[in-house]
Amino acid sequence: MSSSTAINAYQPKTRVGRVTNFVDSRVGGSGMVKEFGRKIFPDHWTFMFGEVALYTFVILLISGTFLTFFFDPSMAETHYEGSYLPLRGVEMSVAYASSLDISFDVRGGLFMRQVHHWSALLFVAANAVHMLRVFFTGAFRRPRELNWVVGTTLLIMGLAAGFTGYSLPDDLLSGNGLRIIDGVVKSIPVIGTYISFFLFGGEFPGTAIIGRLYVLHILLIPAVILLLIGIHLFMVVIHKHTQYPGPGRTNTNVVGYPVGPVYAAKAGGFFFIVFGIVAAISAAFTINPIWNYGPYDPSPVSAGTQPDWYIGWVDGALRLMPGTVGSNWDFEWNIPFPWGVNTLSLNVLFPALVPAGIVFTLMLAWPWIESWVTKDKREHHLLDRPRNAPTRTAVGVAGVVFYCVMWAAASSDLIATHFLVSLNDVTYWLRILVIVGPVIGFMIARRVALALQRKDREIALHGRETGRIVRLPHGEFIEVHEPVDEYKRYQLVSFESPEAYAPVADGNGHVSRSEKLRSRASRFFFEDRVAPVTPSELHASHSGHHGEIANTQDRESIASH
Amino acid sequence: MKALSQRRRHPLAAIALLLMALLMVGAIYSAASSANQAQAQTESFSANDAEEGEKLFAANCASCHGLGASGSSAGPSLVGVGAASVDFQVGSGRMPLQMDGPQAQVKPVQFTEEQTRQLAAYVATLGAGPAIPDEEILDASEGDPANGGELFRVNCAMCHNAAAAGGALTRGKFAPSLEGSSEKHIYEAMVTGPQNMPVFNDANISPEDKQDVIAFLKTIEEQGSPGGADLGSLGPVSEGLFIWVAGLGVVIAFTVWLTSRSS
């Protein structure tokens with residue numbers, strides 16, 4: 001009551017003040033500004049990819065709304081009468097004709113189509129990079145596990161939004177993509193054909209699919225994405241933002257700038273920067289030139305038919321899968337049942353579902369896998385440098401390699417033509433790499449991370465090599481090491497490095513099987529370890545140096561240079 | 001007539017009948033295939049052309065294709081390939097072959113137009129084959145690009161790409177980009193099927209339809225890319241590469257700038 005009398009007592013003197021006070025006394029805006037305006041966000045460029053994803057999503061909503069004004073998702077047959085000469089009079093669907101009209105006969109239409117498509121590619125790319133940042137810095141740990149799950153779901157919804165949008169123009173390329181989806185769906189045992197007929201309203205391609213995908217693309221999926229973004233940001237506010245370790249940064253504070261005025265200005269400006277970049281790209285570079293591909297017709301498949309980049313890895317897995325191994329082993333199994341022979345097309349089912357299943361399951365489960373292994377249930381608001389969590393980093397690199405090999409396989413034909421190699425050889429090599437690559441990637445990444453830790457340790461103890469070689473009066477050559485300053489050293493020494501632990505017996509002196517398994521996993525994670533520099537080591541190395549340097553006046557002067 | 005019916009159970013009657021049937025099928029086939037032959041020899045070469053061509057052939061081609069173009073282990077026989085084939089292979093710079101490989105590569109043309117014509121005249125004398133097409137059928141402005149586009153997508157795009165940017169085939173072979181190919185070479189490629197390309201004879205795609213295909217190719221070549229730089233017309237791969245390298249690169253540059261401290 002006292003607050004309301006306080007507001008009533010306040011009499012603004014200017015017109016703006018009166019309007020502001022009117023609004024504020026009715027919606028309580030100043031309370032929100034006070035709360036959010038003082039929210040602190042740490043400053044680091046790797047923290048901005050989530051923002052890029054958010055902004056590209058806003059661009060997608062704006063440009064997509066424009067496109068819905070002119071797009072007609074009908075599969076009725078028509079003859080194109082628009083201004084693009086090489087297709088005039090050609091029989092096509094109304095959906096494709098309206099896409100062409102947007103491109104050639106709606107003012108600004110082609111630009112808006114390109115803005116929409118380019119920002120879609122950037123949206124998923126920013127999502128992916130954001131998730132890589134979160135993974136490699138350990139930002140998914142408690143209390144942020146659920147937000148990591150929400151983020152992964154957002155990525156999956158992003159793929160769904162992209163794919164449904166890619167299929168809408170009903171050109172040859174999008175139809176080829178749908179045909180692959182149809183094939184994958186049909187390869188699901190028993191229910192596959194039913195799902196396919198339900199999805200397409202009969203045999204592929206039917207006359208229903210574009211309208212259905214349109215509803216998913218402009219209504220359901222964006223609504224789910226918006227909801228998830230809301231949850232995602234709400235949780236960010238609740239959890240506060242993570243920060244990189246550094247002097248003065250602890251698990252209980254956030255060091256950075258407040259939202260108001262610094263971040264509000266930066267973030268608002270950054271939205272326009274992202275929009276500007278997308279607009280500049282869209283103005284200068286064409287994307288999905290649907291007029292090249294012609295109307296969809298189930299018979300032709302053009303060379304260079306690929307999905308957009310984020311579906312590429314699944315297409316690549318399909319390309320890598322052999323139909324047969326040797327002359328006898330066939331992945332198409334004909335299984336006799338009492339009612340007849342049923343076909344199980346593992347050559348389609350396996351590559352289409354298994355790699356994506358592995359990647360997404362591991363991604364969703366990872367926060368719990370890691371906390372199970374480390375027994376670490378504490379809250380973490382300080383990030384790890386990737387080198388300080390060698391096994392996690394190595395797992396991430398293995399995942400990236402696995403993904404990228406399949407991704408490359410989706411462009412195997414272009415690799416063959418542009419690097420003048422045989423398409424078959426590209427496929428053989430990538431088949432080997434998709435299995436061996438993640439293992440090699442894991443080993444190299446872990447070794448590199450450990451080596452970087454050793455280097456950090458060396459620098460913390462002995463300083464930076466300056467490259468200055470000095471000859472002492474008695475003839476000895478030494479290289480001058482420059483000690484790092486305290487702030488820098490803090491970063492190099494202040495990290496946690498768990499050790500592998502032996503299985504622990506329960507109250508009855510019994511060591512359970514899961515405890516043994518956990519201990520084995522812990523050894524795998526933490527056996528190879530570079531111990532962080534301890535204060536006593538640091539002290540010893542420093543006093544050692546001082547002892548040496550104190551020997552002669554010369555050295556004292558050299559060290560101070 | 002009576003004599004014929006009396007001998008119908010003769011032991012050799014069946015063989016005679018079979019022979020007659022075979023002859024008939026052969027005759028129909030040859031009539032049909034000559035109808036499919038891409039045009040008759042319309043361009044007339046002089047006897048002198050063929051003579052000069054034979055000399056050029058012996059000096060430049062015979063080491064692989066054999067004397068008299070009858071073929072060897074290093075190169076196929078050229079009997080019956082027609083003048084169009086020679087005009088395409090030599091005129092586009094694929095022959096003489098630069099090196100062994102999965103497929104003949106294009107290189108600078110080695111013979112003058114006159115010499116190419118003489119070589120074509122010589123090979124044409126070895127056996128009937130597709131001739132060099134007439135000027136009027138090559139006139140792209142007379143064709144219907146919309147019909148040509150449909151034919152191109154159904155017959156050509158699976159190897160050459162919907163935007164004629166080229167594509168990969170097995171074991172290092174490829175379908176080249178058609179950008180910059182002359183009308184004559186496009187037509188000759190269709191009727192002769194060079195490298196791994198199938199033959200599209202006149203029964204398969206009529207000369208008028210071939211003209212439409214040429215009209216389509218020339219239209220998309222001349223109109224350029226309506227939406228800006230086409231990134232090689234290679235589809236989503238080059239687009240994805242571009243957004244990851246250029247798009248994300250510029251974004252990262254800005255993020256670094258925004259979070260840098262003023263010194």
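Predicted model: local features only at pLDDT ≥ 70, side-chain atom pairs only at ≥ 80, totals over all residues.
**Figure 1. Chain A as a whole.**
The secondary structure of chain A comprises 21 helices and 10 strands. Along the principal axes, its C-alpha atoms fill a box of roughly 95 × 85 × 65 Å. Chain A has 561 residues, and 36% of them count as buried. Take the contacts in chain A between residues at least 6 apart in sequence: 72% of these join residues at least 24 apart.

**Figure 2. The contact between chain A and chain B.**
How many residues of each chain are in contact with the other? Chain A contributes 56 residues and chain B contributes 51. On the chain A side, the elements giving two or more residues are α6 (109-136), α8 (172-186), α11 (259-284), α12 (290-293), α16 (412-418) and α17 (423-462). Of these, α11(A) gives the most, with 8 residues. By class, the side of chain A that touches chain B has 35 nonpolar residues, 16 polar residues and 5 charged residues.

**Figure 3. The largest nonpolar core.**
This core has 157 residues. Members from both chains are among those that touch the most other members: A125(A), V405(A) and M406(A) from chain A, and A83(B) and V123(B) from chain B. Which helix gives the largest share of the core? That is α6(A), with 16 residues. Helix α6 of chain A also gives two or more residues to the side that touches chain B.

**Figure 4. Domains of chain A.**
The division of chain A gives domain 1 (1-37) and domain 2 (44-315). Taken over C-alpha atoms, the centres of domain 1 of chain A and domain 2 of chain A are separated by 41 Å.

**Figure 5. Domains of chain B and their contact.**
Chain B is divided into domain 1 (47-126) and domain 2 (136-223). Their centres, taken over C-alpha atoms, are separated by 23 Å. The contact takes 12 residues from domain 1 of chain B and 12 residues from domain 2 of chain B. On the domain 1 side of this contact, the residues divide into 5 nonpolar, 6 polar and 1 charged.

**Figure 6. The hairpin of β7 and β8 in chain A.**
Strand β7 covers residues 332-337 and strand β8 covers residues 340-345 of chain A. They pair in the antiparallel sense over 6 bridges. A hairpin joins β7(A) to β8(A) through 2 residues. To find one position in the pairing, look for N334(A), which stands opposite T343(A) in β8(A).

Strand β9 (residues 464-471) of chain A pairs with strand β10 (residues 477-482) of chain A. The sense is antiparallel, over 5 bridges. E465(A) has H481(A) in β10(A) as its bridge partner. The two strands form a hairpin with 5 residues between them. In the turn, G475(A) has a positive phi of about 105 degrees. How many of the 8 residues of β9(A) are buried? The count is 0, and the strand is hardly covered.

Most peptide bonds are trans. In chain A, the bond joining F204(A) and P205(A) is cis, with omega about -5 degrees. P205(A) is found in the loop between α9 (192-200) and α10 (209-239) of chain A. In chain B, the bond from M95(B) to P96(B) is cis, with omega near -5 degrees. P96(B) is found in the loop between α5 (82-91) and α6 (113-126) of chain B.

Most residues other than glycine have a negative phi. K375(A) is not a glycine, yet its phi is positive, about 60 degrees. This lysine is in the loop between α14 (346-374) and α15 (390-409) of chain A. Is K375(A) buried or exposed? K375(A) counts as exposed because it has 11 C-beta neighbours inside 10 Å, and the cut-off for exposed is 12 or fewer. N161(B) also has a positive phi, near 80 degrees. N161(B) lies in the loop between α8 (157-160) and β1 (167-168) of chain B. N161(B) is buried, because 27 other C-beta atoms lie within 10 Å and the cut-off for buried is 20 or more.

How values were computed. Residues numbered from 1 in each chain as written. Chains lettered and ligands numbered in written order. Contact = placed C-beta atoms within 7 Å. Helix = DSSP H or I, 4+ residues; strand = E, 2+ residues; numbered from the N terminus. Nonpolar A, V, L, I, M, F, W, Y, C, P; charged D, E, K, R; others polar. Domains from an automatic or database assignment. Pairing = 2+ DSSP bridges. Core = buried A, V, L, I, M, F, W, Y, C linked by C-beta atoms within 7 Å.
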